[in-house]
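User: I am new to this structure and would like to go through its ligand sites. Please take them one at a time.

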Amino acid sequence: AKRAGRNGYAIFDPTMTMSVLEEAQLRSDLEHGLEHDEFVVLYQPVVDMQTQRVTSVEALVRWEHPRDGLLGPYHFIAAAEANGLIVPLGRWVLREACAQLARWRAESPAAADLKINVNLSARQFQYAGLVDDVAAALTDAGVEAASLTLEITESMLMEDIETAKRTLHALRELGVRLAIDDFGTGYSSLSYLKQLPVDVIKIDKTFVDDVHIDDDDVALVDAVAGLGQALKMQTVAEGIETDEQWATLRSIGIDHGQGYLFGKPAAPADINALLNGVSAI
Ligand code: C2E
Ligand code: CA
Ligand code: CA
Ligand code: CA
């Protein structure tokens with residue numbers, strides 16, 4: 001629902017139309033936020049399905065809004081996408097996540113093999129400076145490219161297939177890994193998927209929700225697991241909340257899992273504790 005901000009404009013809701021004034025206000029707030037370090041990145045663990053060991057973390061951005069409190073991406077990503085500020089914001093997330101990976105590694109041997117996953121938006125993916133931004137983020141943080149996986153959605157790939165392919169190959173050339181996010185919710189055909197240099201398929205939460213009770217979901221997830229095997233892509237199931245879901249997905253042969261069962265998005269120190277077996281999130 002549209003929530004009125006205390007400052008007068010409504011927090012962006014993609015289902016509602018913003019007035020020109022509200023758009024301008026949010027734009028200037030986003031710019032101000034970027035300049036004044038109001039954004040933070042939380043990290044959610046991704047685990048090995050067999051061992052539950054943390055293998056990577058996904059960077060998820062939040063906005064510590066001075067008046068409206070901590071805002072999730074739903075409140076501002078679509079607006080930032082619409083006004084173009086997603087490019088500097090996304091660049092900041094990317095740089096911050098790489099720098100954080102370097103900090104974990106400096107702090108603890110347990111983070112030596114840890115990898116990081118960063119979401120890209122459509123506009124960022126189309127931005128001509130993307131490959132240079134990614135290379136600079138890695139170099140400046142002193143992190144090797146193979147430790148970074150960029151997550152993109154099917155719909156981003158479908159808009160302009162040839163350009164998308166070129167961008168993916170340029171990123172691959174750098175040595176970063178590529179994941180298709182929210183897999184199953186878009187329309188990518190099998191023949192098309194085969195042509196893309198993708199390393200990881202992330203199965204959307206909607207297929208995970210009832211997988212322990214719905215045979216249709218088992219069949220679908222099983223098909224994606226087979227697809228991953230055939231195309232030599234790793235599979236990750238998103239949004240795992242229960243032991244039953246975990247057990248079902250593990251028996252299907254999904255490689256990695258992510259969800260509240262293993263840990264919610266958390267601050268860097270909590271990830272450190274998790275890696276060192278000090279506490280569960
Ligand atoms: P996503 O990439 O599909 O990320 C997974 C979302 O599912 C996250 O929501 C995460 O907190 C949530 N989630 C994970 N496990 C569970 C679970 O077990 N149960 C439930 N109910 N939810 C779970 P979040 O952090 O609110 O992010 C929402 C979306 O915002 C992301 O979806 C992604 O599309 C976008 N986003 C987040 N950070 C960034 C960013 O830095 N850049 C861009 N472009 N998009 C971002
Ligand atoms: Ca994602
Ligand atoms: Ca996802
Ligand atoms: Ca999703």
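User: How far does a polar side-chain atom of glutamine 44 lie from a nitrogen atom of ligand 1?
Analyst: This is a predicted model, so the distance is computed from predicted coordinates. Gln44 is among the residues that come nearest to ligand 1, together with Arg62, Asp181, Glu241 and Tyr260. The gap between the polar side-chain atom of glutamine 44 and the ligand nitrogen is 3.0 Å.

User: What share of the area that ligand 1 exposes when taken alone does the protein bury?
Analyst: Polar contacts to ligand oxygen atoms come from aspartate 181, at 3.0 Å, and from the side chain of aspartate 182, at 3.3 Å. Taken alone, ligand 1 exposes 800 Å², and the part of this that the protein buries is 77%.

User: Which element gives the most residues to the shell around ligand 1?
Analyst: Ligand 1 takes up the space of the largest pocket. Two elements, β4 (54-65) and β8 (177-183), each give two or more residues to its shell. With four residues, the element that gives the most is β4.

User: How many residues in the shell around ligand 1 are charged?
Analyst: The shell around ligand 1 holds 21 residues. By class, nine of them are nonpolar and five are polar, and the number of charged residues is seven.

User: Which residue bridges the calcium ion (ligand 3) and the calcium ion (ligand 2)?
Analyst: The calcium ion (ligand 3) is coordinated at 2.1 to 2.6 Å by Asp181 (OD), Asp182 (OD) and, with two OE entries, Glu238. The donors of the calcium ion (ligand 2) are Glu58 (OE), Asn119 (OD1), Glu151 (OE) and Asp181 (OD), at 2.1 to 2.3 Å. Asp181 is listed for ligand 3 and also for ligand 2. The two ions lie 3.8 Å apart, and the bridging residue is aspartate 181.

Technical notes
Residues are numbered from 1 along each chain as its sequence is written. Chains are lettered from A and ligands numbered from 1 in the order in which they are written. This is a predicted model: local features need pLDDT of at least 70, side-chain atom pairs count only at pLDDT 80 or more; totals for chains, interfaces and linings use all residues. Side-chain values use heavy atoms; hydrogens and water are left out. A residue is near a molecule or strand if one of its heavy atoms lies within 4 Å of it. A polar contact is a pair of N or O atoms within 3.5 Å; within protein, one must be able to donate a hydrogen and the other to accept it, and residues adjacent in sequence count only if both atoms are side-chain atoms. Accessible areas come from the Shrake-Rupley method with a 1.4 Å probe; for residues, only the protein chains shown count as cover. On a 1 Å grid over the protein atoms alone, a cavity is a set of points where a 1.4 Å probe fits but cannot get out, and a pocket is an open set with protein on both sides within 12 Å along at least five of seven lines; lining residues have an atom within 4 Å of a point. A molecule sits in a cavity or pocket if more than half of its atoms lie within 2 Å of its grid points. Ala, Val, Leu, Ile, Met, Phe, Trp, Tyr, Cys and Pro count as nonpolar, Asp, Glu, Lys and Arg as charged, and the others, Gly among them, as polar. Donors are N, O and S atoms within 2.8 Å of the metal (3.2 Å for Na, K and Ca); water is not among the atoms, so sites may look incomplete.
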